[in-house]
Amino acid sequence: QVQLVESGGGSVQAGGSLKLSCTVSFNSRCRMGWYRQAPGKERELVSSIDNIGTITYADSVRGRFTISQDRPKNTVYLQMSSLKTDDTAVYYCAAGRRESSGCNWRYWGQGTQVTVFS
């Protein structure tokens, strides 16, 4: 059974920083990433990184968030800086599995709350 264990959420004042971590018990992943979901909003992809290091960011976080991974440790990180109140959400770690149709998000963490207050 694939497990994704997240840590690092919490509350921080606007302008502050937090770092999320996610360790996955799945070696054959093709990419990892972070989604977030704010109350009343759809889940959105924040950032992703694939096996060759290709990185994507949502426009809303580019320049403020940095994704990285430690492949031997099966861990992905999300360094969040210059946080805004709009960043408040539950953040979910996700892992992709290679399938005939491509690399598809198939595994999810339990979510960690990030609250940014003014």
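Predicted model: local features only at pLDDT ≥ 70, side-chain atom pairs only at ≥ 80, totals over all residues.
Strands E4 and E5 (residues 44-50) are joined by 6 bridges and run antiparallel. Two strands are said to pair here if DSSP finds at least two bridges between them. Helices (H or I, at least four residues) and strands (E, at least two) are DSSP runs, numbered from the N terminus.

Residues are numbered from 1 along each chain as its sequence is written, and side-chain values use heavy atoms, with hydrogens and water left out.

Let me stay with the hairpin of E4 and E5. Within this pair, Trp34 has Ser47 in E5 as its bridge partner. The hairpin has 6 residues between the strands, and Gly40 takes a positive phi near 80°.

E4 itself spans residues 29-37 and is mostly covered, with 7 of its 9 residues buried. Buried means under 20% relative accessible area, exposed means over 50%, and partly exposed lies in between, with a 1.4 Å probe and protein chains only. E4 also pairs with E9, through 8 bridges in the antiparallel sense. In that pairing, Tyr35 stands opposite Tyr92 in E9.

E9 (residues 89-99) leads us on to E11, to which 3 bridges join it in an antiparallel arrangement. There, Tyr91 has Thr112 in E11 as its bridge partner. E11 is also joined to strand E2 (residues 10-13) by 4 bridges, and these two strands run parallel. Gly10 stands opposite Val114 in E11.

Which residues of E11 lie on its covered face, and which on its uncovered one? In this strand (residues 112-117), Thr112, Val114 and Val116 form the covered face, whereas Gln113, Thr115 and Phe117 form the uncovered one. As background, side chains in a regular strand alternate between the two faces of the sheet.

I turn now to an open sheet. It is formed by 4 strands in the order E1-E3-E8-E7, with antiparallel pairing. Strand E1 (4-7) and strand E7 (65-70) stand at the edges with a single partner strand each, so one side of each is left without a neighbour in the sheet. From one strand to the next, the twist averages 15°; the axes are lines fitted to C-alpha atoms, for helices over the stretch in contact, and angles run from 0 to 180 degrees between N-to-C directions. E7 pairs with strand E8 (residues 75-80) over 6 bridges in the antiparallel sense. Ser68 stands opposite Tyr77 in E8.

The next topic is salt bridges. A salt bridge is a side-chain nitrogen of Lys or Arg within 4 Å of a carboxyl oxygen of Asp or Glu, and by this rule the count comes to 6. One of them links the side chains of Glu44 and Arg36, at 2.6 Å from N to O. Of these two residues, Arg36 is buried, with a relative accessible area of 6%, and Glu44 is partly exposed, at 32%. Arg36 and Glu44 also belong to a network of salt bridges that includes Arg64 and Asp87.

Another salt bridge joins Arg62 and Asp59, again with a N to O distance of 2.6 Å. Arg62 is partly exposed, with a relative accessible area of 47%, and Asp59 is exposed, with 66%. A further salt bridge connects Arg106 with Glu99, the closest N and O atoms being 2.7 Å apart. Arg106 counts as partly exposed, at 42% relative accessibility.

Finally, the overall description. The protein has 0 helices and 11 strands. How does its radius of gyration stand against that of a compact globule? For 118 residues, such a globule would have a value near 13 Å, and the protein has 14 Å, which agrees. The radius is taken over C-alpha atoms, and the globule rule is 2.2 Å times the number of residues to the power 0.38. Along the principal axes, the C-alpha atoms fill a box of roughly 45 × 30 × 25 Å.

Buried residues make up 46% of the 118. Of the contacts (heavy atoms within 4.5 Å) between residues at least 6 apart in sequence, 53% join residues at least 24 apart. The accessible surface comes to about 6,100 Å², of which 45% belongs to carbon and sulfur atoms. Accessible areas come from the Shrake-Rupley method with a 1.4 Å probe, and for residues only the protein chains shown count as cover.
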